Amino acid sequence: MSSHSRTDSRSTRALKLSGLGAVAVLALTGCTQEVRNGWMPIGDSAPTDNAQSILNLWIGSWVAALAVGLVAWGLMLWCMIAYRRRKNEVGYPRQVAYHLPLEIFYTIVPIALIVSLFFYSERALAQIIPRYDNPDTTIQIVGKQWAWDFNYVDDDVYYSGTQAHLNTDGSEGVEETLPTLYLPVDSDIEIEVASRDVIHSFWVPAFLEKIDMIPNRTNYMSIHTEREGTFQGKCAELCGEYHSEMLFNVEVVSQEEYDNQMQQLRDQGNTGQLGLEYGRNVNLDESGPIQRDNPIGSSYDDEN
């Protein structure tokens with residue numbers, strides 16, 4: 001066997017071993033829950049139905065991207081090995097232009113990828129955006145500099161939060177004092193969000209979605225809670241000096257525990273709803289529509 005053939009054989013063997021090693025690493029890491037969740041912060045399982053839809057889209061998109069990347073890397077490695085300069089070769093290799101089949105391939109594949117991603121993204125949106133006709137629970141969440149108000153509409157009680165004060169020395173204990181939003185488990189929940197002053201954004205990372213809170217407008221998030229748990233939330237829109245302290249907790253609890261929390265708010269005298277009169281921008285749109293199911297501001301549906 002010539003030295004040239006032995007070199008090609010060693011290169012091919014090394015390429016195969018590298019490929020097998022990559023497959024083995026992927027197979028081993030795929031055993032962890034974190035990898036199966038696509039490194040998303042949802043815990044053992046998705047806490048809402050929307051989170052599961054978003055997770056499926058996220059993982060599918062990355063699988064498609066990884067497949068494209070592997071093909072591209074494989075072609076590059078193959079070209080570098082198969083068409084490398086051999087010993088005693090001089091000059092430039094033969095140039096190839098106007099390779100019609102290859103150009104058609106380069107055109108069709110990106111179009112197919114874009115159409116596929118659009119289809120699955122649109123399907124996920126169609127599952128996430130629609131509002132419930134008859135939600136089990138309706139909660140209004142109002143952002144303010146720099147805390148949160150929660151109106152539990154069905155129980156006619158409210159919670160008014162105050163700004164968190166982070167410990168500069170890193171000591172613990174702040175999280176227990178944060179505003180806490182309670183949600184019943186296994187329930188269709190409609191969350192109405194608005195703002196009393198500037199633009200905020202309601203974000204629970206474990207839910208894998210967030211929604212803007214805009215003055216004089218009410219936006220909606222419809223979710224079905226899948227499991228009990230404690231989740232961290234924060235404002236995701238830079239809203240001023242103490243934006244970093246605009247934190248809250250979410251407790252998804254049993255219906256019994258949820259009813260107990262509502263009763264505690266009644267016992268504390270927090271009956272009724274915190275309405276538009278507490279907003280900083282109340283005088284900007286005094287003639288705007290204010291409805292029972294939308295006391296914070298006007299919604300997109302109302303304007304159209």
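Visitor: Why does F105 count as partly exposed?

Guide: This is a predicted model, and F105 has a relative accessibility of 44% in it. Buried means under 20% and exposed means over 50%, with partly exposed in between. The value of 44% lies between those limits, so F105 counts as partly exposed.

Visitor: What makes Y106 exposed?

Guide: The relative accessible area of Y106 is 52%. Exposed means over 50%, so Y106 is exposed.

Visitor: How many aromatic pairs does a search of the whole structure find?

Guide: The search finds 12 aromatic pairs. F105 and Y106 form one of them, with 5.9 Å from centre to centre and 50° between the planes.

Visitor: What makes the pair of F150 and Y159 stacked?

Guide: The ring centres of F150 and Y159 are 6.0 Å apart and the planes are at 20°. That angle is under 30 degrees, so the pair is stacked. F150 is buried at 0% relative accessibility, whereas Y159 is partly exposed at 24%. Both F150 and Y159 belong to one aromatic cluster with W148, F202 and F248.

Visitor: How do you know that the charged end of R131 sits over the ring of Y220?

Guide: The charged end of R131 is 3.6 Å from the centre of the Y220 ring. The limit on distance is 6 Å, with a further limit of 35 degrees from the ring normal. The charged end of K210 likewise sits over the ring of W203, at 5.1 Å from its centre.

Visitor: Where does W203 stand in relation to strand β9?

Guide: W203 stands opposite K234 in β9. Strand β6, residues 200-204, and β9 run antiparallel and are joined by 2 bridges.

Visitor: What makes β6 and β9 a pair of strands?

Guide: Two strands pair if there are at least two bridges between them. The count for β6 and β9 is 2 bridges, so the two strands pair. Strand β9 is also joined to β10, residues 247-253, by 6 bridges, again antiparallel. In β10, F248 is the bridge partner of G233.

Visitor: Which residues are on the covered face of β9, and which on the uncovered one?

Guide: The covered face of β9 has G229, F231, G233 and C235. The uncovered face has T230, Q232 and K234. In a regular strand the side chains alternate between the two faces of the sheet.

Visitor: Is C239 buried or exposed?

Guide: C239 has 4% relative accessibility, which is under 20%, so C239 counts as buried. C79, at 36%, counts as partly exposed.

Visitor: What makes N270 buried?

Guide: The relative accessible area of N270 is 16%, and buried means under 20%, so N270 is buried. N270 is in the loop between α5 (255-267) and β11 (298-299). Leaving aside neighbours within four places in sequence, N270 is in contact with D156, V157, Y158 and L265.

Visitor: What kind of peptide bond joins Q145 and W146?

Guide: A cis peptide bond joins them, with omega at about 0°. W146 is in the loop between β1 (137-144) and β2 (147-152).

Technical notes. Residues numbered from 1 in each chain as written. Predicted model: local features only at pLDDT ≥ 70, side-chain atom pairs only at ≥ 80, totals over all residues. Heavy atoms only, no water. Phe/Tyr/Trp six-rings, centres within 6.5 Å; stacked < 30°, edge-to-face > 60°. Buried < 20%, exposed > 50% of the residue type's maximum accessible area, 1.4 Å probe, protein only. Helix = DSSP H or I, 4+ residues; strand = E, 2+ residues; numbered from the N terminus. Contact = heavy atoms within 4.5 Å.
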